[in-house]
Amino acid sequence: MYIAVLITFKNQIMRKIFAIFLVTVISLTVNAQTEKSTLLLGGGVGFSSTSFSGGGSSSVFSLSPNIGYFFAENFAVGGMLDFQSGNGYNAWSIAPFVKGYFGKDTKGKPFAQLGVGFGGGSGGGSTSTALQVRGGYALFLNKSIALEIAANFSTQTGYSVFGVGAGFQIHLGK
């Protein structure tokens, strides 16, 4: 009985802490989107078709977290990770990126992103140069959260990936 009360008490405290955190984040982001000095935090999941230079192809699922900073209105720089897995093959890459949003609409904007970094895979060997290109549309659900739908292309030595995906970006204001 004492343990059940203690667990309930801890859950109530955690809910209060989470609620305070959520209100703080929302209040800090009321006027954010793609303005200068805004922080970009998010990621996405995707489905891709991969073709290997030695022949063959496979279906690949990916997870891509990122963080960025708007150095100018509608333009951000940052870093991203990309983890891909499918048909017994795993790959990763890390890259700085430049991302541009186009248009003045506060409900949504098309975007393009370019990243050049390095990565590797479960096939062995050393790391190689990775090129990543994304383009899509960011639908702003409110002033600080965007749902992004995108097509992407990435290539490393030995394979290339073309796919589609979706993710969320949180735009944190000054």
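Hi everyone, thanks for having me. Please keep in mind throughout that we are looking at a predicted model.

Let me start with the overall layout. The chain contains one helix and eight strands, and along the sequence the pattern reads α-β-β-β-β-β-β-β-β. Of its 174 residues, 32% count as buried. If you take the contacts between residues at least 6 apart in sequence, 51% of them join residues at least 24 apart.

Now to the charges. Side chains of opposite charge can pair when their charged atoms come close. How many salt bridges does a search of the whole structure find? The search turns up one. The partners are Lys 99 and Glu 148, whose side chains meet at 2.9 Å, N to O. Lys 99 belongs to strand 4 (residues 89–101) and Glu 148 to strand 7 (residues 145–156), so the pair ties together parts that are 49 residues apart in sequence. Are these two residues buried or exposed? Both Lys 99 and Glu 148 are buried.

A pair of aromatic rings is described by the distance of the centres and the angle of the planes. The count here comes to four aromatic pairs. Take Phe 70 and Tyr 101: the ring centres are 5.8 Å apart and the planes stand at 35°, so this pair is tilted. Phe 70 sits in strand 2 (residues 57–72) and Tyr 101 in strand 4, so here too parts of the chain are tied together, in this case 31 residues apart in sequence. Phe 70 has 0% relative accessibility and counts as buried. Tyr 101 is buried as well, with a relative accessible area of 2%. Together with Phe 111, Phe 70 and Tyr 101 form one aromatic cluster.

Next, empty space. Rolling a probe the size of a water molecule over the atoms shows where empty space is left. In this model, the search finds two cavities of 30 Å³ or more. Which residues lie closest to its centre? They are Gly 44, Ser 64, Asp 82, Arg 134 and Asn 152, out of 28 lining residues. The elements that give two or more residues to this lining are strand 1 (39–52), strand 2, strand 3 (75–86), strand 6 (128–140), strand 7 and strand 8 (159–172).

Ser 62 is in strand 2 and, at 12% relative accessibility, counts as buried. Leaving out residues up to four places away in sequence, Ser 62 touches Gly 44, Val 45, Gly 46, Asp 82, Phe 83 and Gln 84.

Gly 135, in strand 6, is partly exposed, with a relative accessible area of 29%. Beyond its neighbours within four places in sequence, Gly 135 contacts Phe 111, Ala 112, Ile 149, Ala 150 and Ala 151. Its C-alpha atom is separated by 9.5 Å from that of Gly 100, which is 35 residues away along the chain.

That's my tour, and I'm happy to go back to any of these spots with you.

Key
Residues numbered from 1 in each chain as written. Predicted model: local features only at pLDDT ≥ 70, side-chain atom pairs only at ≥ 80, totals over all residues. Heavy atoms only, no water. Salt bridge = Lys/Arg side-chain N within 4 Å of Asp/Glu carboxyl O. Helix = DSSP H or I, 4+ residues; strand = E, 2+ residues; numbered from the N terminus. Buried < 20%, exposed > 50% of the residue type's maximum accessible area, 1.4 Å probe, protein only. Phe/Tyr/Trp six-rings, centres within 6.5 Å; stacked < 30°, edge-to-face > 60°. Contact = heavy atoms within 4.5 Å. 1 Å grid on protein atoms, 1.4 Å probe; cavity = no way out; pocket = protein on both sides within 12 Å on 5 of 7 lines; lining within 4 Å. Points joined across faces, edges and corners; volume = space filled by probe spheres on them.
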